[in-house]
Amino acid sequence: MGSRQLTSLGLGLFMAGIILSVAYLPQFAVVIFVSLVLNLLLSGLVDRMEARVPRLLAAFSVLFCFVLLMVVVFVILYATVVPMGQDFVNKLPQMVASFMALPWVKEMPIFGEEINTAWTQLTKFSVGFMSSSLSMLVSAFSRVIDIVLILLSTYYLLAEGAKIKGWLVSLFAADQQGRITALLENILQSLRVFIISQIKICLLMGAVVYSYFAYRDLPYGPVFAVFSGVCEFFPLVGPVIASCFASLIMVTVSPVIGFHTIIFFLFVTQLNHNLIYPSLVGHSLRLHPLAIILGLTLAGELIGPLGMFLAVPTMVTLRLVVEDIHRAFVENETNE
């Protein structure tokens with residue numbers, strides 16, 4: 001077996017390791033993924049500071065400032081959004097009863113049971129999704145050992161990422177190291193584009209939703225803003241869930257307001273999918289929408305919200321690995 005085939009075999013084992021770690025070691029996968037995300041977000045700042053101070057000090061300074069910023073953001077959210085979210089969940093049964101008591105809902109006996117069932121399922125799923133997502137985030141960062149592992153891993157990735165990548169490349173045959181280097185660069189670049197773009201879209205959609213609720217003087221604006229922003233991390237599926245849930249809740253305030261909210265979310269969703277998302281992400285992911293939907297659904301069924309959170313980055317990585325193996329196979333067949 002030649003070096004090209006051995007390299008492909010190693011990449012196949014790497015791909016299997018990614019799938020198994022996400023499926024059976026989700027907490028470990030979260031530590032690695034969050035560390036990688038922080039490295040991709042902060043490495044540019046460290047590179048610029050390295051021209052003035054040693055890289056170890058630059059990595060520590062940037063990471064320390066980022067942690068302080070996140071603590072401030074978490075305290076603000078915990079003091080404002082969390083109490084409002086608890087109040088929202090407590091009043092949700094009353095909102096459901098108000099919706100079912102609407103005259104136009106009562107006048108549809110044929111569809112009444114179906115509407116009631118659909119509403120109940122959507123409400124249960126949305127609240128469960130929100131609660132599970134918050135629980136996932138809290139559990140991921142509330143354990144001291146996880147925080148220490150994430151911060152240490154991020155620090156060493158920022159400080160010695162080039163050495164770590166060089167060591168990984170050196171594990172392969174000399175004539176295949178260029179191939180592995182290019183593959184790692186493609187994976188990191190694709191993940192960087194996806195993560196940074198998703199954060200921008202998350203913040204943008206949260207600000208837009210909050211502005212709409214504040215302008216219309218509607219209740220629970222911060223809750224729906226945070227919920228809509230978080231849902232943007234789950235492409236295609238998340239925005240639809242957030243839009244439907246918020247629109248139906250606003251129907252209980254007023255059918256007219258509910259109709260306006262539906263129009264608002266339709267406009268924002270179409271603008272996002274057809275203009276904002278393509279301009280930020282472009283075609284770098286090269287994942288078919290159906291593949292994203294199936295991947296999110298399968299990961300959600302197997303692992304829950306954590307699996308949905310890791311699904312797209314995992315699929316991007318696997319696509320690049322599979323393409324590399326296929327390209328090497330074709331080149332090998334051509335040479336023979």
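**Figure 1. The largest cavity and its lining.** M205, V209, S228, E232, P239, A242, S243, F265, V268, T269 and N272 line the largest cavity of this predicted model. On a 1 Å grid over the protein atoms alone, a cavity is a set of points where a 1.4 Å probe fits but cannot get out, and a lining residue has an atom within 4 Å of a point. About 90 Å³ of space lies inside the largest cavity. Grid points are joined across faces, edges and corners, and a volume is the space filled by probe spheres set on the points. The structure holds 1 cavity of 30 Å³ or more. By class, the lining of the largest cavity has 6 nonpolar, 4 polar and 1 charged residues. Here Ala, Val, Leu, Ile, Met, Phe, Trp, Tyr, Cys and Pro count as nonpolar, Asp, Glu, Lys and Arg as charged, and the others, Gly among them, as polar. Helices α7, α9 and α10 each supply at least two residues of this lining. The largest share, 4 residues, comes from α10. Helices (H or I, at least four residues) and strands (E, at least two) are DSSP runs, numbered from the N terminus.

Two notes apply to every view. Residues are numbered from 1 along each chain as its sequence is written, and side-chain values use heavy atoms, with hydrogens and water left out. This is a predicted model, where local features need pLDDT of at least 70 and side-chain atom pairs count only at pLDDT 80 or more, while totals for chains, interfaces and linings use all residues.

**Figure 2. The second largest pocket.** A pocket is an open set of grid points with protein on both sides within 12 Å along at least five of seven lines. The second largest pocket has about 1400 Å³ of space. Its lining counts 42 residues, and I32, L36, L157, L168 and L188 are the closest to its centre. At least two lining residues come from each of α1 (3-24), α2, α6 (144-170), α7 and α12. Helix α6 gives the most, with 12 residues. The lining divides into 26 nonpolar, 9 polar and 7 charged residues.

**Figure 3. The nonpolar cores.** A nonpolar core is a set of buried Ala, Val, Leu, Ile, Met, Phe, Trp, Tyr and Cys residues joined through side-chain atoms within 4.5 Å. Buried means under 20% relative accessible area, exposed over 50%, and partly exposed in between (1.4 Å probe, protein chains only). The largest core has 52 residues. Which of them touch the most other members? They are F88, F213, F224, F245, I249, M250 and V312. Elements giving two or more residues to this core include α2 (26-49), α3 (55-100) and α12 (305-335). The most, 12 residues, come from α7. A second, separate core has 15 residues, including L42, V46, V62 and A159.

Figure 4. Rings of Phe, Tyr and Trp (its six-membered ring) pair if their centres lie within 6.5 Å; planes under 30 degrees apart count as stacked, over 60 as edge-to-face and the rest as tilted. The structure holds 8 aromatic pairs. F60 and F64 are stacked, at 6.1 Å centre to centre with 15° between the planes. They sit 4 residues apart in helix α3, so about one helical turn separates them. F60 is partly exposed, at 49% relative accessible area. F64 is partly exposed too, at 46%. Y212 and F213 pair edge-to-face, at 5.6 Å centre to centre with 85° between the planes. Y212 is buried, at 11% relative accessibility. F213 is buried as well, at 1%.

**Figure 5. The loop between α7 and α8.** D217 lies in this loop. Its phi is positive, about 55°, although D217 is not a glycine. Most residues other than glycine have a negative phi. Y220 lies in the loop between α7 and α8 as well. Y220 has a positive phi of about 60° and is not a glycine. Y220 counts as buried, at 12% relative accessibility.

**Figure 6. Confidence along the model.** The predictor's confidence in each residue is its pLDDT, from 0 to 100. The protein has a mean pLDDT of 78, and 78% of its residues reach 70 or more. Where pLDDT is low, the predicted coordinates should not be read in detail.
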